[in-house]
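Subject: Handing over a structure

Hello,

Here is the structure I promised to pass on to you. Please have a look at it first, and then read my notes below.

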Amino acid sequence: MKETFNVAVIYGSAREGRFCDTVGNWVVRTLKTDRDISVDVLDPAVLNLPAAHVGAEHQGVRELHATLGEADAFIVVTPEYNHSFTGELKLLIDAAKAQWKRKPLAFVSYGGMAGGLRAVEQLRLIFAELHVVTMRDVVSFANAWDRFDASGVPVDDGTDAALCHMVTDLKWWAGALRDARYPQAAPKLREVG
């Protein structure tokens, strides 16, 4: 029996006119071609999370907790602003705790010359604290605004293959960690005699 995985794609920007929509929408479209995956999108611009932690009674926080809790794995689509990631992404990350634990996460980053990789390296430290396993490979777009055509498709050959390669590892980790989180009951041994 083939496993299926719930993957939450997390948009890392809430700015008006953001390029995150182009990159994130490409990720979601590509993932939806994989029959082993169901996709949910978490967008800080839509969730409208409170600036201060108010608990799970807030509608955006409830939605966030439900989607993260049901996810087997995560993909964070992050820009790099001022050599780091956005405040909206940090707010989203900090609004949950147990829902992240013992699950894998992959990154798709974008930005200027560094392609968002400085943001990714900082995010790895934060997710390690939440007991999240981050994938080594990253799909990164340096000078991202030149890397997509007018319809939101990457112009470089091999970009889809790079995402699919990363997602293959993500699915392996999702299965392994799901089995570890929810182990099957061990068979009972019959007594001899």
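A word on terms before anything else: helices (H or I, at least four residues) and strands (E, at least two) are DSSP runs, numbered from the N terminus. This is a predicted model, in which local features need pLDDT of at least 70 and side-chain atom pairs count only at pLDDT 80 or more, while totals for chains, interfaces and linings use all residues. Residues are numbered from 1 along each chain as its sequence is written, and side-chain values use heavy atoms, with hydrogens and water left out.

Let me start with the charged pairs. A salt bridge here is a side-chain nitrogen of Lys or Arg within 4 Å of a carboxyl oxygen of Asp or Glu. The structure holds twelve salt bridges.

One of them joins E121 to R124, with the closest N and O atoms 3.3 Å apart. These two residues are three apart in helix α5 (residues 117–129), so about one helical turn separates them. To say how open each residue is, I use relative accessible area: buried is under 20%, exposed is over 50%, and partly exposed is in between (1.4 Å probe, protein chains only). E121 is partly exposed because its value is 47%, whereas R124 is buried at 16%.

Another salt bridge is formed by R136 and D137, whose closest N and O atoms are 2.6 Å apart. R136 counts as exposed at 72% relative accessibility, and D137 as partly exposed at 22%.

R178 sits in helix α6 (residues 159–181), and its side chain meets that of E3 in a salt bridge (3.1 Å, N to O). Since E3 belongs to the segment before β1 (5–11) and R178 to helix α6, the pair ties together parts that are 175 residues apart in sequence. R178 is buried, with a relative accessible area of 18%, while E3 is partly exposed at 33%. A network of salt bridges links E3, D72, R178 and R181.

What else does R178 touch, leaving aside its neighbours within four places in sequence? Its contacts (heavy atoms within 4.5 Å) are E3, T4, F5 and D72. A polar atom of the R178 side chain also lies 3.1 Å from the backbone oxygen of T4.

Now for the rings. Rings of Phe, Tyr and Trp (its six-membered ring) pair if their centres lie within 6.5 Å; planes under 30 degrees apart count as stacked, over 60 as edge-to-face and the rest as tilted. By this rule there are ten aromatic pairs. W100 and F127 have ring centres 5.2 Å apart and planes at 65°, so this pair is edge-to-face. W100 lies in the loop between α4 and β4 (104–111) and F127 in helix α5, so the pair ties together parts 27 residues apart in sequence. Both W100 and F127 are buried.

F141 and F148 make a tilted pair, 4.8 Å centre to centre with 50° between the planes. F141 counts as buried at 3% relative accessibility, and F148 is buried at 8%. Ring pairs also link F19, W26, Y110, F141, W145 and F148 into a cluster.

Finally, have a look at helix α4 (residues 87–94), where you will find E88. E88 is partly exposed, with a relative accessible area of 32%. Leaving aside neighbours within four places in sequence, E88 is in contact with A14 and P44.

Enjoy exploring!

Best wishes

Terms used. A polar contact is a pair of N or O atoms within 3.5 Å; within protein, one must be able to donate a hydrogen and the other to accept it, and residues adjacent in sequence count only if both atoms are side-chain atoms.
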